[in-house]
Amino acid sequence: MTGQERDRRITDVGTLKALAHPLRSALYRGLTIARVATASQLAEQVDEAVSLVSYHLRKLAEHGLIEEAEPQSADGRERWWQRTSDGLRVHDADFRDAPEKAAAHTAASRLFFEQRAQMYRRFLGERAHWSAEWNAAAESSETNLRLTAPELAELNREMLALLRRYDEQGRAAEAAGGAEGRENVQVHTYAFPFRF
């Protein structure tokens, strides 16, 4: 994904709603993992008809979330897709100025959380099939901190910087031929205030 925008910020409700469709979100996640894929390949992953997947890929493209990619095979009939940015960001502040925008942001946030929770539940169900090394490396924890809002913002910036460093390190190793032993790894963090 060299040369692509990192962490594109979604600021309009139309694009947010386009991404917050359950199938479109799953397709975007599939492209995140595959980096480049056809509608047929993605249809197999999400267990949907190719025609339906193609329709939703075009909708994502209309909002600039994905684009056609260079063909990866000699079959000229295949249409390849890739993300237009290396990640997305959605900030609450961009959707607070109208109730319908706030509602769309809340609905999208809930969908994204449910999809992430589903991924973790899947891992838990498949845990016995992963090696002892991967099970020891996997982490689930909860930490309660006493912070100010600026401290929480700084913590989030530092965590994202650390994740980016590992992402870049892994991509560089793969580009140099070091793909052996690498798996897709999800890191979910939720940092939010609460009161009892």
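This is a predicted model: local features need pLDDT of at least 70, side-chain atom pairs count only at pLDDT 80 or more; totals for chains, interfaces and linings use all residues.
Along the principal axes, the C-alpha atoms of the chain fill a box of roughly 60 × 50 × 35 Å. Of the 196 residues in the protein chain, 25% are buried. Among the contacts between residues at least 6 apart in sequence, 65% join residues that lie at least 24 apart.

An open sheet is formed by three strands in the order β2-β4-β3, with antiparallel pairing. Strands β2 (37–38) and β3 (66–68) stand at the edges, and because each has a single partner strand, one side of each is left without a neighbour in the sheet. Strand β4, which spans residues 80–83, runs antiparallel to β3 and is joined to it by three bridges; in one of the pairings between residues, Glu68 has Trp81 of β4 as its bridge partner. Helix α2 packs on this sheet, where it touches β2, β3 and β4, and the direction of the helix makes about 90° with that of β4.

Helix α2 also packs against another helix. The arrangement of two packed helices is described by the angle between their axes and by the distance between the axes. For helix α2 (residues 22–34) and helix α5 (residues 99–126), the angle is about 55° and the axes are 11 Å apart, which makes α2 oblique to α5. The crossing in which α2 passes α5 is right-handed. On the side of α2, the contact is made by Pro22, Ser25, Ala26 and Arg29, while α5 contributes Leu111, Phe112, Gln115, Arg116 and Met119. Sorted by class, the residues in the contact of α2 with α5 comprise five nonpolar, two polar and two charged residues.

Helix α5 is also the place of His105. Residues under 20% relative accessible area are taken as buried, and His105, with a relative accessibility of 11%, therefore counts as buried. When residues up to four places away in sequence are not counted, His105 touches Leu16, Val90, His91, Asp92 and Phe95. Helix α5 thus holds the buried His105 as well as the residues Leu111, Phe112, Gln115, Arg116 and Met119 that meet α2.

How values were computed: Residues are numbered from 1 along each chain as its sequence is written. Side-chain values use heavy atoms; hydrogens and water are left out. Axes are lines fitted to C-alpha atoms, for helices over the stretch in contact, and angles run from 0 to 180 degrees between N-to-C directions. Helices (H or I, at least four residues) and strands (E, at least two) are DSSP runs, numbered from the N terminus. Angles under 35 degrees count as roughly parallel, over 145 as roughly antiparallel, 65 to 115 as roughly perpendicular and the rest as oblique. A crossing is left-handed if the near helix is turned anticlockwise from the far one by less than a right angle, and right-handed if clockwise. Contact means heavy atoms within 4.5 Å. Ala, Val, Leu, Ile, Met, Phe, Trp, Tyr, Cys and Pro count as nonpolar, Asp, Glu, Lys and Arg as charged, and the others, Gly among them, as polar. Buried means under 20% relative accessible area, exposed over 50%, partly exposed in between (1.4 Å probe, protein chains only). Two strands pair if DSSP finds at least two bridges between them.
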